[in-house]
Amino acid sequence: MVSSLERIEIMFLKQYRRSNRQRAFTLVELLVVIAIIGVLVALLLPAVQAARESARRIQCSNHLKQIGLGFQLHHDSLKFCPTGGEGVDVARAIASGGPATGVAQTWNWAYQILPYIEQQNLYDNANENLIKSTPIKIFFCPTRRPPQVWDINAGGTTGKRAQIDYAGCRGSNNEGRDGVVIRSVAGNPLTRYETITDGLSNTLVASERSLSTDWYLAPAGPETDWYRGGWVSGYVGNNNRAWLALATTPFPPTKDFRTTGTTVSLTIMKSFGSAHPNGINVTLADGSVRSVMYTINPVIWDNLGRRDDGNTLGDF
């Protein structure tokens, strides 16, 4: 004889099993859920990528901020701005038992600001090969690539060379006489703040350099020293334009793009450019950092790159 309580328990168990069977997903329902998740991921991915790029752009701006601060502290200490060097694989100039300064230094501004970006030990190191092969984190744009050291053999340059993603501004001529970063040649007048008559906040000091996307992680361009010489290199004029002190005109900044073949125009080699999607980061002589759109008026870009043209800069 089944009691009332037992009958209730049996009914409860049957209902529980039935409800469990009813709660199971069918294959169609699973496919619909997967499809919905896929759509949500597709919608969220651009936002995630945009957020990551925003963080990388900010980090790139911070790198340029430190470079700009290095220029300012160099000027405060020596009363002139760093120079652009004189060669792609030359020996470092030594004077009075230490690295030479100003136009006497054959290595460029990136080397000359080391004591002012917390790299004094590297600046003083007697081993030139060690210096050339040591990557500096703030010399790389995180949107483009992590720090790179290339073991190269091209155009007379051999050995490991740490690379760089930034370049100083030499203005509109090869000597740098109307830009901040002058060529390291005896007789060239040093750039002092009083010679930046357009105003420190209206004059470009450094920015991101143009680079083929093929060259981000390995050398893939022409067999020359122009871009393989490493971060200690500096330009030498018409016959061998190294990229660490660049002309700004007539080449406004462009987004990095892929090149083809092994011959690349000098227009690319001596221009500013960036891996960021909408514009390029620049640091000005007052130490501020700005984002400049690729669509900037070339005339304004030209005025920004020259320190004493007297032209009205306008909005940028």
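1. The open sheet. Five strands make up an open sheet of mixed pairing, in the order β7-β5-β6-β10-β11. Strands here are DSSP runs of E of at least two residues, helices are runs of H or I of at least four residues, and both are numbered from the N terminus. Two strands count as paired if DSSP finds at least two bridges between them. At the edges stand β7 (245-247) and β11 (289-293), each with a single partner strand, so one side of each has no neighbour in the sheet. From one strand to the next the twist averages 40 degrees.

2. Basis of the model. This is a predicted model, in which local features need pLDDT of at least 70 and side-chain atom pairs count only at pLDDT 80 or more, while totals for chains, interfaces and linings use all residues. Residues are numbered from 1 along each chain as its sequence is written, and side-chain values use heavy atoms, with hydrogens and water left out.

3. Pairing of β5 and β6. Strand β5 (residues 166-171) runs antiparallel to strand β6 (residues 204-208), with 3 bridges between them. G168 has A206 of β6 as its bridge partner, and A167 stands opposite S207 in β6.

4. Helices on the sheet. Helix α2 (residues 27-78) packs on the sheet and touches β5, β6, β10 (279-284) and β11; its direction makes about 25 degrees with that of β10. Helix α7 (residues 298-305) also packs on the sheet, touching β5, β6, β10 and β11, and its direction makes about 120 degrees with that of β6. Contact means heavy atoms within 4.5 Å. Axes are lines fitted to C-alpha atoms, for helices over the stretch in contact, and angles run from 0 to 180 degrees between N-to-C directions.

5. Strand β6. On its β10 side, β6 pairs in the antiparallel sense over 3 bridges; the bridge partner of L204 in β10 is L284. Of the 5 residues of β6, 5 are buried, so the strand is largely enclosed by the rest of the structure. Buried means under 20% relative accessible area (1.4 Å probe, protein chains only).

6. The chain overall. The chain has 7 helices and 11 strands. Of its 316 residues, 47% are buried. Among contacts between residues at least 6 apart in sequence, 68% join residues at least 24 apart.

Note on methods. Buried < 20%, exposed > 50% of the residue type's maximum accessible area, 1.4 Å probe, protein only.
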